[in-house]
Amino acid sequence: MKWGLKEKMENHAVIPKALMLRGYKDGKILSTQNLVPYTQEVYKGPYWHVHRADFHNTMVQAARDLGVKIQLNSCVTSIDFSAPSVTLKTGATVAADLIIGADGLKSRCREEMMGRADPPHLTGDLAYRIIVKADEMRKDPDLRELTEDPAINFWMGPDAHAACYLLKGGGLYNIVLLCPDNMPADVNIMTTGPEEVRDFFKTWDPRLGKLLNMVHEVSKWRLQNSREMETWLHPEGKFVLLGDACHATLPYLAQGAAMAVEDGAVLGGLLERLEDRAQLKGLLAAYESLRKKRTTRIVLESTHQRDVFHLPDGPVQEARDAELLRDELKPGFPNKWRDPEFQKFLFGYDAFAEVETAWARFKSEGSVNSML
Ligand SMILES: Cc1cc2nc3c(=O)[nH]c(=O)nc-3n(C[C@H](O)[C@H](O)[C@H](O)COP(=O)(O)OP(=O)(O)OC[C@H]3O[C@@H](n4cnc5c(N)ncnc54)[C@H](O)[C@@H]3O)c2cc1C
């Protein structure tokens, strides 16, 4: 919003009214977190669902409007951290004042900085990603309800969960099924027939079965994540990592891209205050210090979310469901988006305020170390 993109993003957004956790067998609602008007009233902002292509296009356009030159098809193969410069697959070298390695989960930049191979970690889970037309769902009285009052619905079951919500102005219904990884060792993305998911979810809420009967092809993504890195900075002070390249997460709190954007806001906020080149190294250290603890916690909580969601039937699952239904809110509440302490940590974060406070500390104490 502070980047002036509210209207543009809003054009692509669906605003879910609530987030619901359901039991897997019958879809019974166990916990509801209101989002409208709650997030606006408490956190001064909406909760949006935006298709990643629309989000990306809006950000690209905003960057171009600011005069950013984007050069595509430029695969980085190595980095000179001292210059600093990158060498591309074409053999061309591109020099800069600062290099930001934001090349995702299988980051070449991270491996260059570490000086060794550092493949992402298997999580043991995969995501089936499916999109169906909401109009098709509206023809079925059992499915219509899911499209009428936009909500994020999670079904929690043994070893798996389903996350479903509307996208593209309500025209598409996004279904993400999080299940144990059964992909071949050397494959990370593939397509498969719908029988595989229909079979896995055949004992789940019949509405999910109906949804999966509308599907012809399913894409399948292996889910991998990171371990906390010792540092995101190269000691020369002219290179830093950002986004999945340094804190890839299971998507179970829907925070991966959100964290990358927060990183960008903090790094941008610090760099726009730069008064002298000599401050660069210190500002990069401040960026890491402001961001690393938060991203590590979100990555760990996302992994823990799996333990909460994927419980097998039995006494522990029954206790979880009973606690959700009692709805006595306290830290550790099993619906993390409704845990009063964690919710505030997650939604109450203001990257601009973080930078402002850190910078004020620097100005009053005169040393970038005061921001660390
Ligand atoms: C199933 C699933 C659901 C998700 N749901 C959500 C969600 O609801 N909310 C959310 O916030 N996040 C979600 N995420 C996470 C989100 O997709 C990632 O966290 C986010 O895309 C990370 O952004 P990034 O810019 O760091 O990396 P990426 O989006 O991976 O971008 C990296 C870029 O670097 C480029 N690149 C790679 N190598 C090189 C190289 N050598 N040279 C040059 N360029 C290179 C790539 O082509 C790519 O364009 C989900 C992820 C998955 C798998």
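Predicted model: local features only at pLDDT ≥ 70, side-chain atom pairs only at ≥ 80, totals over all residues.

Me: Let me zoom in on S7 and S12. How many bridges join them, and do they run parallel or antiparallel?
Reply: S7 and strand S12 (residues 218–225) run antiparallel, and 7 bridges join them. To find the spot on screen, look for Ala127, which stands opposite Trp221 in S12.

Me: And where do side chains point in a strand?
Reply: In a regular strand they alternate between the two faces of the sheet.

Me: New topic: the ligand. Which residues come nearest to the ligand?
Reply: There are 19 residues around the ligand, and those that come nearest are Arg52, Val76, Asp244, Ala257 and Ala258.

Me: What does Asp244 do there, in terms of distance?
Reply: An N or O atom in the Asp244 side chain is 2.8 Å from an oxygen atom of the ligand. Ala258 uses its backbone instead: an N or O atom there lies 3.0 Å from a ligand oxygen. Then there is Gly256, with a polar backbone atom 3.4 Å from a nitrogen atom of the ligand.

Me: How much of the ligand does the protein bury?
Reply: The protein buries 62% of the 1000 Å² that the ligand exposes when taken alone.

Me: Which elements give two or more residues to the shell around the ligand?
Reply: Strand S7 (121–133) and helix H10 (256–271) do. H10 gives the most, with 3 residues.

Me: What classes of residue are in that shell?
Reply: The shell has 9 nonpolar, 5 polar and 5 charged residues.

Me: Which domains do they come from?
Reply: At least three come from each of domain 1 (10–51 + 122–225) and domain 2 (73–120 + 228–367).

Me: You listed Val76 around the ligand. What stands opposite Val76?
Reply: That would be Leu88 in S4. Strand S3 (76–80) and strand S4 (85–88) have a loop between them, and Pro84 is in that loop. S3 and S4 form a hairpin with 4 residues between them. The two strands run antiparallel and are joined by 4 bridges.

Me: Is the peptide bond from Ala83 to Pro84 cis or trans?
Reply: The bond from Ala83 to Pro84 is cis, with omega near -10 degrees. The bond from Val36 to Pro37 is cis too, with omega near 10 degrees. Pro37 is in the loop between S2 and helix H2 (38–43).

Me: What follows S4, going on to S5?
Reply: S4 and S5 form a hairpin with 4 residues between them, and Gly91 in the turn has a positive phi of about 100 degrees. S4 runs antiparallel to strand S5 (residues 93–95), with 3 bridges joining the two. Thr87 stands opposite Thr93 in S5.

Me: Which residue has a positive phi although it is not a glycine?
Reply: Lys44 does, at about 60 degrees. Look for Lys44 in the loop between H2 and helix H3 (52–65).

Technical notes. Residues numbered from 1 in each chain as written. Heavy atoms only, no water. Near = heavy atom within 4 Å. Polar contact = N/O pair within 3.5 Å; in protein donor to acceptor, adjacent residues only side chain to side chain. Areas by Shrake-Rupley, 256 points an atom, 1.4 Å probe, with all protein chains shown as cover. Nonpolar A, V, L, I, M, F, W, Y, C, P; charged D, E, K, R; others polar. Domains from an automatic or database assignment. Pairing = 2+ DSSP bridges.
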